[in-house]
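Subject: Structure handover

Hello,

Below is the structure I am passing on to you. My notes on it follow.

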Amino acid sequence: MKIRGRHADEKIETQMSAMIDIVFQLLIFFMLTLKIVAEEGDFDINMPVSQSSQQADPEPKVEYKVRLLADADGNLRDIRVGEVSMGNQVPSSFDRLNQNVFQWVRSGGGFSDDLEVEIDADYNLHYRYVIKAIAACTGRMDGEKKTKFLEKIKFAPPRRQGAAG
């Protein structure tokens with residue numbers, strides 16, 4: 001007796017209801033875990049109200065200009081404050097600069113927050129001289145005590161050798 005296989009004649013049906021349930025569960029999961037990000041560039045900024053034109057303009061900052069001149073080798077040739085030469089001897093010229101800045105700060109009557117020093121150095125000047133000028137302009141040491149004159153120092157664009165000034 002021959003046994004016939006039923007597999008060839010039988011049709012297998014897929015259960016669509018279980019598949020639809022899984023798809024809806026995944027859809028709900030992704031909808032609930034979605035984080036909506038606010039649009040970029042939408043800033044809520046409160047801008048200040050414009051000031052009236054009757055207010056006086058603030059006074060400009062007082063500046064003290066120090067000119068550092070270099071020779072062809074990059075060594076210090078001269079320190080000038082305005083038209084006054086402080087010399088080029090390394091320890092004593094920076095001491096004179098320090099004393100001059102101290103007298104300027106003292107005679108100005110203003111607070112050190114209002115005062116500003118501009119250092120204008122030649123392009124090829126060795127950096128150590130610029131650092132010494134910064135130290136001479138900002139303050140000095142009196143024994144163990146540090147006296148600070150001012151905090152604001154700005155730099156003019158460096159000048160190349162042979163530039164006017």
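Leaving aside residues up to four places away in sequence, Ser93 makes contact with Leu76, Ile79, Met86, Gly87 and Asn88. Ser93 belongs to helix H2, which covers residues 90-108. The relative accessibility of Ser93 is 0%, so Ser93 is classed as buried. Please keep in mind that this is a predicted model.

Overall layout

The chain contains 3 helices and 7 strands. Their order along the sequence is α-β-β-β-α-β-α-β-β-β. The chain has 165 residues, and 24% of them are buried. Its accessible surface is about 13800 Å², with 56% of that belonging to carbon and sulfur atoms. Of the contacts between residues at least 6 apart in sequence, 62% are between residues at least 24 apart.

Helix H3

Helix H3 takes in residues 127-138, 12 residues in total. From first C-alpha to last, H3 spans 17 Å, close to the 16 Å expected at 1.5 Å a residue. Tyr129, Val130, Ala133, Ala136 and Cys137 are the buried residues of H3. Viewed down the axis of H3, these buried residues fall within an arc of 125°, so they line one face of the helix.

Tyr64 is part of strand E1, residues 62-70. With a relative accessible area of 5%, Tyr64 is buried, the cut-off being under 20%. Apart from residues up to four places away in sequence, the residues that Tyr64 touches are Val81, Leu97, Asn100, Val101, Trp104, Glu116, Val117 and Glu118. The C-alpha atoms of Tyr64 and Ile153 are 9.4 Å apart, although 89 residues separate the two along the chain.

Strand E4 consists of residues 115-121 and includes Leu115. Leu115 has a relative accessibility of 4% and therefore counts as buried. From the C-alpha of Leu115 to that of Ile153 the distance is 9.0 Å, and the two residues are 38 apart along the chain.

Salt bridges

How many salt bridges does the count come to? The count is 4 salt bridges.

One of them pairs Glu118 with Lys65, with 3.7 Å between the closest N and O atoms. This pair links distant parts of the chain, since Glu118 sits in strand E4 and Lys65 in strand E1, 53 residues apart. Glu118 has a relative accessible area of 14% and is thus buried.

Asp120 and Arg67 also form a salt bridge through their side chains, at 3.9 Å from N to O. Here too the pair links distant parts of the chain: Asp120 is in strand E4 and Arg67 in strand E1, 53 residues apart. Asp120 is buried, at a relative accessible area of 9%. Arg67 is buried as well, at 11% relative accessibility.

A salt bridge also joins Arg80 to Asp78, and the closest N and O atoms of this pair are 3.0 Å apart. Which of the two partners is buried, and which is partly exposed? Arg80, at 33% relative accessibility, counts as partly exposed, whereas Asp78, with a relative accessible area of 8%, is buried. Elsewhere, salt bridges with shared partners connect Arg67, Asp120 and Asp122 into one network.

Regards

Technical notes:
Residues numbered from 1 in each chain as written. Predicted model: local features only at pLDDT ≥ 70, side-chain atom pairs only at ≥ 80, totals over all residues. Heavy atoms only, no water. Helix = DSSP H or I, 4+ residues; strand = E, 2+ residues; numbered from the N terminus. Buried < 20%, exposed > 50% of the residue type's maximum accessible area, 1.4 Å probe, protein only. Contact = heavy atoms within 4.5 Å. Areas by Shrake-Rupley, 256 points an atom, 1.4 Å probe, with all protein chains shown as cover. Expected span 1.5 Å × (residues − 1). Arc of directions from axis to C-beta.
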